[in-house]
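Trainee: I would like to learn how to read a model of this kind, going from single residues to the spaces between them and then to the whole chain. Could we work through it one feature at a time?

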Amino acid sequence: MNKLAVLSPDELARACAETMWKDDDASQGLGMEILDIKPGHAKLAMTVKPNMVNGHGIAHGGFIFTLADSAFAFACNTHNERAVAAHGNISFIKPGKLGDRLMAVAREISRSGRSGIYDVRVSVDDVVIAEFRGHSRTIGGVWLPTAATSAK
């Protein structure tokens with residue numbers, strides 16, 4: 001019996017995220033946390049630490065981008081197909097500050113063939129500080145073995 005066939009879409013999404021998270025040293029190393037995972041959706045959090053602040057005394061945009069990119073990555077890998085970023089861009093709206101708990105919420109906009117489009121909103125206390133859009137591309141392979149891949 002195919003174990004994946006008995007998983008709900010939400011359970012499958014969480015199982016894919018758990019498998020991906022095990023080897024995600026970058027996200028873990030920056031102190032990110034996964035707060036919510038559903039098909040095409042991910043919510044991650046990260047607190048701005050002293051080593052994440054730039055010369056202006058605000059959160060370095062690269063760290064905000066990285067949080068958004070990680071949320072995007074988890075959202076586009078919830079369908080048990082390995083996917084990577086093909087393109088991503090960000091608009092910074094307000095600065096993040098030392099000690100801020102950043103929330104990045106990614107949602108699937110479109111998924112067709114091997115391509116997907118995802119929007120990520122980064123906020124602090126419900127105030128939006130950045131908007132990210134990512135384009136994904138599946139690369140072959142799965143996160144969780146299916147009966148078909150296990151038999152090979």
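Trainee: Which residues does serine 136 touch, not counting residues up to four places away in sequence?

Mentor: A contact here means heavy atoms within 4.5 Å. With residues up to four places away in sequence left out, serine 136 touches Phe72, Cys76, Ala83, Val84, Ala86, Arg114, Ser115, Gly116 and Tyr118. This is a predicted model, in which local features need pLDDT of at least 70 and side-chain atom pairs count only at pLDDT 80 or more, while totals for chains, interfaces and linings use all residues. Residues are numbered from 1 along each chain as its sequence is written, and side-chain values use heavy atoms, with hydrogens and water left out.

Trainee: Where is serine 136 placed, and why does serine 136 count as buried or exposed?

Mentor: Helices (H or I, at least four residues) and strands (E, at least two) are DSSP runs numbered from the N terminus, and serine 136 lies in strand E6, residues 127–138. Buried means under 20% relative accessible area, exposed over 50%, and partly exposed in between, with a 1.4 Å probe and protein chains only. Serine 136 counts as buried because its relative accessibility is 6%.

Trainee: Which residues line the largest cavity?

Mentor: On a 1 Å grid over the protein atoms alone, a cavity is a set of points where a 1.4 Å probe fits but cannot get out, whereas a pocket is an open set with protein on both sides within 12 Å along at least five of seven lines; lining residues have an atom within 4 Å of a point. Grid points are joined across faces, edges and corners, and a volume is the space filled by probe spheres set on the points. The structure holds one cavity of 30 Å³ or more, and the largest cavity has about 60 Å³ of space. Its lining includes Ser136, together with Cys76, Arg114 and Tyr118 among others. Strand E5 (115–124) and E6 each give two or more residues to this lining, with the largest share, three residues, coming from E5.

Trainee: How many residues line the largest pocket, and which are the closest to its centre?

Mentor: The largest pocket holds about 200 Å³ of space. It is lined by 18 residues, of which Met20, Asp69, Ala73, Asn77 and Ala83 are the closest to its centre. Helix H2 (25–29), helix H3 (61–76) and strand E3 (83–92) are the elements that give two or more residues to the lining, and H3 supplies the largest share, seven residues.

Trainee: What does alanine 13 touch, not counting residues up to four places away in sequence?

Mentor: Alanine 13, found in helix H1 (residues 9–22), touches Ile37, Lys38, Pro39 and Thr78 when those neighbours are left out. Alanine 13 counts as buried because its relative accessibility is 0%.

Trainee: How many helices and strands does the chain have?

Mentor: The chain has four helices and six strands, which follow the pattern α-α-β-β-α-β-β-β-β-α when read along the sequence. The radius of gyration, taken over C-alpha atoms, is compared with a globule rule of 2.2 Å times the number of residues to the power 0.38. For this chain the value is 16 Å, close to the 15 Å that the rule gives for 152 residues, so the chain is as compact as a globular protein of that length. Of the 152 residues, 37% count as buried.
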